[in-house]
Amino acid sequence: AQDRLPIRVIAMPHHELALQAIEGAVTFDRVLEPSVFVGAAKIIQDGSIQGYTGYLGKPYHTPYKGDAGYTGYPARSREALTEIVGKLHDAGWQLGIHANGDAAIDDTIAAYRAAQEANPRDDARLFVIHAQMTREDQLDAFKELQMIPSFFVLHTYYWGDRHRDVFMGPERAARISPTRSALDRGLHFTIHCDTPVVPMEPLRLAWAAVNRKTVSGQLLGEDQRISVMDALRATTIEAAYQHFLEDRIGSIESGKLADFVILEQDPRVFPTRLDELEVQETIVGGRTIYRKE
């Protein structure tokens, strides 16, 4: 209200709050666009791979506490998820569902398919948060249902070695955050940092999608690398599209909010050094928020 917020925030209400909003018990009348937007209702369907709480279709590479059949677990049954998704979908809410493991992604696809079959909505843009272990057939389902994977691609850097050696094994680890497979299908997709799990480093995020190097310097999933421009699109105009804001932010065009950064060098020329490029100036709404001295 005091015009002091230096960034734009898309706040995603927990699904329980969104359900309360449907009943009129909660309102979001203090939201102040274009600084703060109400985004999709967020549902969490599993945990994390590195926490042994991601819900997988096949057991973990290194058994959890000696249990060779352990696959993690969902936050709720598929039937319960389908009920929640159906209620929010029927009420017109956009949905963002946290699903790391491929079994959790199966639950998400099934719930959304049921919602669309019961009440078809054009351009609902359900997005899958993290979508880390997405299989090829699941990407086909995303294409069919117009779902958007939002990949936590920095897993390749921060946890890639452990995913390969401990949690997933070499074959599955090479496919975490399958951005190239999504791109080849013509899917809308985004990439994100998931702060505070990892630092908010957008350029390192793009670097990770382009190079897929682990902290030890090893290449993880060479065939899933994408170009610099594709990585930058996934953090800008595709992110805006994910939240129905592509007509307001995400690219430098007449009529849009003037949000952009000035880098020291052209990132397209330095794909292996994206994470080292310095920001010279940050402009939000036409105002300089940061300038390097």
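A crossing of two helices is left-handed if the near helix is turned anticlockwise from the far one by less than a right angle, and right-handed if clockwise. By that rule H3 and H4 cross in a left-handed manner.

## Basis of the model

The structure is a predicted model, in which local features need pLDDT of at least 70, side-chain atom pairs count only at pLDDT 80 or more, and totals for chains, interfaces and linings use all residues. Residues are numbered from 1 along each chain as its sequence is written, and side-chain values use heavy atoms, with hydrogens and water left out.

## H3 with H4

Helices (H or I, at least four residues) and strands (E, at least two) are DSSP runs, numbered from the N terminus. H3 packs against helix H4 (residues 136-145) at an angle of about 25°, and their axes are 11 Å apart. H3 is therefore roughly parallel to H4. Axes here are lines fitted to C-alpha atoms, for helices over the stretch in contact, and angles run from 0 to 180 degrees between N-to-C directions. Angles under 35 degrees count as roughly parallel, over 145 as roughly antiparallel, 65 to 115 as roughly perpendicular and the rest as oblique.

On the H3 side, Asp 102, Ile 105, Asp 106, Ile 109, Tyr 112 and Arg 113 meet Gln 138, Ala 141, Phe 142, Glu 144 and Leu 145 of H4; contact means heavy atoms within 4.5 Å. The contact of H3 with H4 holds 6 nonpolar, 1 polar and 4 charged residues. In these classes, Ala, Val, Leu, Ile, Met, Phe, Trp, Tyr, Cys and Pro count as nonpolar, Asp, Glu, Lys and Arg as charged, and the others, Gly among them, as polar.

## H2 with H3

Helix H2 (residues 78-90) and helix H3 (residues 102-118) have axes that come within 8 Å and cross at roughly 45°. H2 is therefore oblique to H3, and the crossing is right-handed. H2 contributes Arg 78, Leu 81, Thr 82, Val 85, Gly 86 and His 89 to the contact, while the H3 residues include Asp 106, Ala 110, Tyr 112 and Gln 116. By class, the contact of H2 with H3 has 7 nonpolar, 5 polar and 3 charged residues.

## H1 with H2

H1 and H2 pack with their axes 10 Å apart, at an angle of about 45°. The two helices are therefore oblique to each other, and their crossing is left-handed. His 15, Ala 18, Leu 19 and Ile 22 of H1 make the contact with Ile 84, Lys 87 and Leu 88 of H2. Its residues divide into 5 nonpolar, 1 polar and 1 charged.

## Backbone features in loops

The peptide bond from Glu 33 to Pro 34 is cis, with omega near 10°. Pro 34 sits in the loop between helix H1 (15-22) and strand E2 (36-38). A cis peptide bond, with omega near 10°, also runs from Thr 195 to Pro 196. Pro 196 belongs to the loop between strand E7 (190-191) and helix H9 (202-211).

Lys 65, a residue other than glycine, has a positive phi, near 50°. Lys 65 is placed in the loop between strand E3 (41-44) and H2.

## Second largest pocket

The second largest pocket contains about 240 Å³ of space. On a 1 Å grid over the protein atoms alone, a pocket is an open set of points where a 1.4 Å probe fits, with protein on both sides within 12 Å along at least five of seven lines; lining residues have an atom within 4 Å of a point. The volume is the space filled by probe spheres set on the points, which are joined across faces, edges and corners.

Residues lining the second largest pocket include Leu 56, Lys 58, Asp 102, Arg 135, Glu 171 and Arg 175. By class, the lining has 3 nonpolar, 2 polar and 6 charged residues.
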